[in-house]
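The sequence and structure come first.

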Amino acid sequence: MLRCSLTAHSVLRGSLRQSPVLWLTQAKWRNSAEAHRSADTSTLRRLFHSSRLQPKGDDLRKSPYFNRISGQLPPQHIDMDQPYPVSTEDGYHTISFYSFFELDKVQVPRLRDKIQREWARDLLVVGRIYICEQGINAQLSIPMEKTQDLRYWLESHPVFCGRIPKFNWAIEHRRAFKALHVRVRPLVATGEPLSLDTLSNEPEYLAPEAWDSELRKAREGGESPLLIDMRNNYEFRIGKFQGAVCPDVDTFREEMAAVRTLCKEREDKEAPIYMYCTGGIRCSIAGAILKSEGYENVKTLQGGVVAYGKHVRERPEGAVSSLYRGKNFTFDKRLGEEVTAEVLAKCDQCGGPCDTFTNCANRSCNLLFIQCPACAEKHRKTCGHDVCIERSQMPHEVLIKNRRPT
């Protein structure tokens, strides 16, 4: 069991890198898994709480997603992600987070390797992590008993300490990924260069409660605020906010072109622009781009549809008064999570009501489409093409043997 004493005086006098808190957590991750499990988590939690420095002047964490301060920041409270969801299908939490901050180009691949190695080995994380010189974007599933250990890891690392906002909990929890993939690539495929200077022009973030309140008040007053769905066309097929403009696009570059056109049609650059997406990062980037182009009143849904769906489920009235209808599309094995029970889409094969996305069972095809249970049985979970139906019934060994040379 770890034992030590820590005073605020010792933390303030010494550098953060030398503080007993960070030494303990760094030592914790250097030790074996057995030693890690035997650590006194209540002691570590108390140490983190007592050592959190209060910044002078402007709050270092004024923005939850953007930080230009160089050097190591004070650790955040180790319980900041509470309350933890307790209802899961298989004992996994599904979470996401993103943060914009400067990383050295040489440092990025090293961080990728460290995350890939330690998160998979020690935390049993599965998911998709993007890291680059502008920060990190993560969607992952993790065993429930390891969730707080992930926060320990982040707050003990000199790069991520103090920079990762509260986890964005999924609406529905289960193991949503097969494996962990950490890649060096842009956080969002914008199709254009993106700098921290541009990202510093942050939009206004509205929590789900405030988002609801503003949209309802505007509509009750007879206004028609510009509400833009920043997702791809297949995403809003199964769910969207009432009154949203949904550009028929399938890339972020096309989306931004459509958004600029919509905004130019409104001559008043101070008129409010509301934007939402799945988890928030696309709107953070799009909102920053618009603000850098002179649109001052850009507002986004903090945490995206994921946070809104969670908000809806936690309300006493449930989905009855939800402004969002249908499902939220997810880029993982779930391919969607329910916000309300309404079915907005139709089966791509028979036209009946359905909002269940699937991929063609023929891996060579892998087409993403909506398929009802009856058509899934009829077409053997394929898109319906004769070749796909035939190949879906072949043993994997036969497919490998008969595959065409490349």
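Counting a disulfide as a pair of cysteine sulfur atoms within 2.5 Å, the total comes to 0 disulfides. This is a predicted model, in which local features need pLDDT of at least 70 and side-chain atom pairs count only at pLDDT 80 or more, while totals for chains, interfaces and linings use all residues. Residues are numbered from 1 along each chain as its sequence is written, and side-chain values use heavy atoms, with hydrogens and water left out.

**Cysteines**
- A disulfide is a covalent bond between the sulfur atoms of two cysteines.
- The cysteine sulfur closest to that of Cys388 belongs to Cys383, at 3.7 Å, which is too far for a bond.
- Cys388 is buried, with a relative accessible area of 6%; buried means under 20% relative accessible area, exposed over 50%, and partly exposed in between, with a 1.4 Å probe and protein chains only.
- Cys161 is also buried, and its relative accessible area is 0%.

**Parallel sheet**
- An open sheet is formed by 4 strands in the order E6-E10-E9-E7, with parallel pairing; strands (E, at least two residues) and helices (H or I, at least four) are DSSP runs numbered from the N terminus, and two strands pair if DSSP finds at least two bridges between them.
- E6 and E7 stand at the edges with a single partner strand each, so one side of each has no neighbour in the sheet.
- Direction ignored, neighbouring strands of this sheet are turned by 30 degrees against each other on average; axes are lines fitted to C-alpha atoms, for helices over the stretch in contact, and angles run from 0 to 180 degrees between N-to-C directions.
- E9 and E10 pair in the parallel sense over 3 bridges, and Lys299 in E10 is the bridge partner of Tyr274.

**Helices against the sheet**
- Helix H9 (residues 252-264) lies across E7 and E9, at about 175 degrees to E7; contact means heavy atoms within 4.5 Å.
- Helix H10 (residues 281-292) lies across E6, E9 and E10 and runs at about 155 degrees to E9.

**Helix H8**
- The 13 residues of H8 (residues 208-220) should span 18 Å at 1.5 Å a residue, and the end C-alpha atoms are 18 Å apart, which agrees; the expected span is 1.5 Å times one less than the number of residues.
- Pro208, Trp211, Asp212, Leu215 and Ala218 are the buried residues of H8.
- Seen down the axis of H8, its buried residues fall within an arc of 140 degrees, so they line one face of the helix; the arc is taken from the directions from the helix axis to the C-beta atoms.
- Lys217 and Glu220 are exposed on the other side of H8.
- Packing partners of the buried residues of H8 include strand E8 (239-241) and helix H11 (304-314).
- Gly222 follows H8 and has a positive phi, near 80 degrees.

**Strand E11**
- All 5 of the 5 residues of E11 (residues 324-328) are buried, so this strand is largely enclosed by the rest of the structure.
- E8 and E11 pair in the antiparallel sense over 3 bridges, with Gly326 in E11 as the bridge partner of Gly239.
- E11 also pairs with strand E12 (residues 337-338), antiparallel and over 2 bridges; Lys327 stands opposite Glu338 in E12.

**Loop residue Asp79**
- Asp79 lies in the loop between helix H4 (41-51) and strand E1 (92-100), and is partly exposed at a relative accessible area of 22%.
- Asp79 and Tyr152 are 73 residues apart in sequence and 9.6 Å apart in space, C-alpha to C-alpha.
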